[in-house]
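The sequence and the structure come first.

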Amino acid sequence: MMLSAADLAAYKRSQALARDVLKAIRAQIRPGATEASLGAACRKLMDEAGATAYWWYGTPAYILAGDALHASVEGDVYLPRDVPLRADDMVTIDLAPEVDGYWGDCARSYFLRNGELVDAQAAGAEQAEGMATEAALHALLRETAKPMMTFRELHSIIADELARRGYENLDFLGNFGHSIGGDVRRRAFMDAKCGERLDSVPLFTFEPHIARPRSTLAFKFEEVYLFDESDRLQIL
């Protein structure tokens, strides 16, 4: 399903808003900050950037930190905690802005080391490996996905690679992503059941929420994808 030029531009605007806020919020990720305070800061930044609503059941930001990194819930039940970040904590932030009915959806992982925000390599070997796995899964998606594939076929390929690498999927619904736009309760999910073709929707997310068994860390990196006129998968 192809978007009109106007719709594509509108979705790109919403996604750029989410990406920009995920960069700006870095300045506020420090010891003492909480999921709640970071969520409020993200909301303020998105409001200022032009967000008109928040499509994920009204939840602007899904933030997990510390011992909540493995949590997975729907937006209508998520509650951010007031537990202060520690000097070596990890945080994941997933944003869901909407601009005039067009959704953005983007997530990133952040790492503190001795109280300073650092990249995954500086945070430690496990952190570096986790983010390298995220990058590898996104690369596999771009190499493998074809318009005629179903969501469940693509899910099976990603799940096999995830298991081969020794990680597990933490999503409570068992999915790796979903369609973008329309009714939030009627999204097509990249799970083991969905028989809809990838090209039945104009856009879909890929957001593996992954961890090694028994590890306290959990990783997330999300982007929105679409097929171009040559049937190649591209980042929005």
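## A buried salt bridge

Lys-220 has a relative accessible area of 3% and is buried. The model is a predicted one. The side chain of Lys-220 meets that of Asp-94 in a salt bridge, with 3.7 Å from N to O. Asp-94 also counts as buried, at 9% relative accessibility; the cut-off for buried is under 20% relative accessible area.

Six of the six residues of S3 are buried, so the strand is largely enclosed by the rest of the structure. In a regular strand, side chains alternate between the two faces of the sheet. Met-90, Thr-92 and Asp-94 lie on one side of S3, while Val-91, Ile-93 and Leu-95 lie on the other, and both faces are covered.

S3 is joined to strand S2 (residues 61-65) by five bridges, and the two run antiparallel. Here Tyr-62 stands opposite Asp-94, the residue that also takes part in the salt bridge with Lys-220. Strand S6 (residues 106-113) is likewise antiparallel to S3, with six bridges between them. Cys-106 in S6 is the bridge partner of Leu-95.

## The three-stranded sheet with S11

S11 belongs to an open sheet of three strands in the order S8-S10-S11, with antiparallel pairing. Strands S8 (168-169) and S11 (219-220) each have a single partner strand and stand at the edges, so one side of each has no neighbour in the sheet.

Two bridges connect S11 with strand S10 (residues 209-211) in the antiparallel sense. Ile-210 has Phe-219 in S11 as its bridge partner.

How many residues of strand S12 (residues 223-227) are buried? Five of the five are, so S12 is largely enclosed by the rest of the structure. Glu-223, Tyr-225 and Phe-227 point one way from the strand, and Val-224 and Leu-226 point the other way.

S12 pairs with strand S9 (residues 204-206) in the antiparallel sense over three bridges, and Val-224 in S12 is the bridge partner of Thr-205. Three bridges also join S12 to strand S13 (residues 233-235), again antiparallel. In this pairing Phe-227 stands opposite Leu-233 in S13. S12 and S13 form a hairpin with five residues between them, and Asp-231 in the turn has a positive phi of about 65 degrees.

## Packing of helices H4 and H5

Two packed helices are described by the angle between their axes and the distance between the axes. For helix H4 (residues 125-144) and helix H5 (residues 151-164), the axes come within 11 Å and cross at roughly 145 degrees. The crossing is right-handed.

H4 contributes Leu-137, Leu-140, Leu-141 and Thr-144 to the contact, and H5 contributes Leu-154, Ile-157, Ile-158, Glu-161 and Leu-162. By type, the residues of this contact divide into seven nonpolar, one polar and one charged.

## Other salt bridges

The structure holds 14 salt bridges. One of them joins Arg-43 and Asp-47, whose closest N and O atoms are 3.0 Å apart. These two residues are four residues apart in helix H2 (residues 35-49), so about one helical turn separates them. Arg-43 has a relative accessible area of 36% and is partly exposed; Asp-47 is partly exposed as well, at 36% relative accessibility.

Arg-197 and Asp-199 meet through their side chains in another salt bridge, at 2.6 Å from N to O. Arg-197 is partly exposed, with a relative accessible area of 34%, and Asp-199 is partly exposed at 22%.

Methods. Residues numbered from 1 in each chain as written. Predicted model: local features only at pLDDT ≥ 70, side-chain atom pairs only at ≥ 80, totals over all residues. Heavy atoms only, no water. Pairing = 2+ DSSP bridges. Buried < 20%, exposed > 50% of the residue type's maximum accessible area, 1.4 Å probe, protein only. Axes fitted to C-alpha atoms, helices over the stretch in contact; angles between N-to-C directions. Left-handed = near helix turned anticlockwise from the far one by under 90°. Contact = heavy atoms within 4.5 Å. Nonpolar A, V, L, I, M, F, W, Y, C, P; charged D, E, K, R; others polar. Salt bridge = Lys/Arg side-chain N within 4 Å of Asp/Glu carboxyl O.
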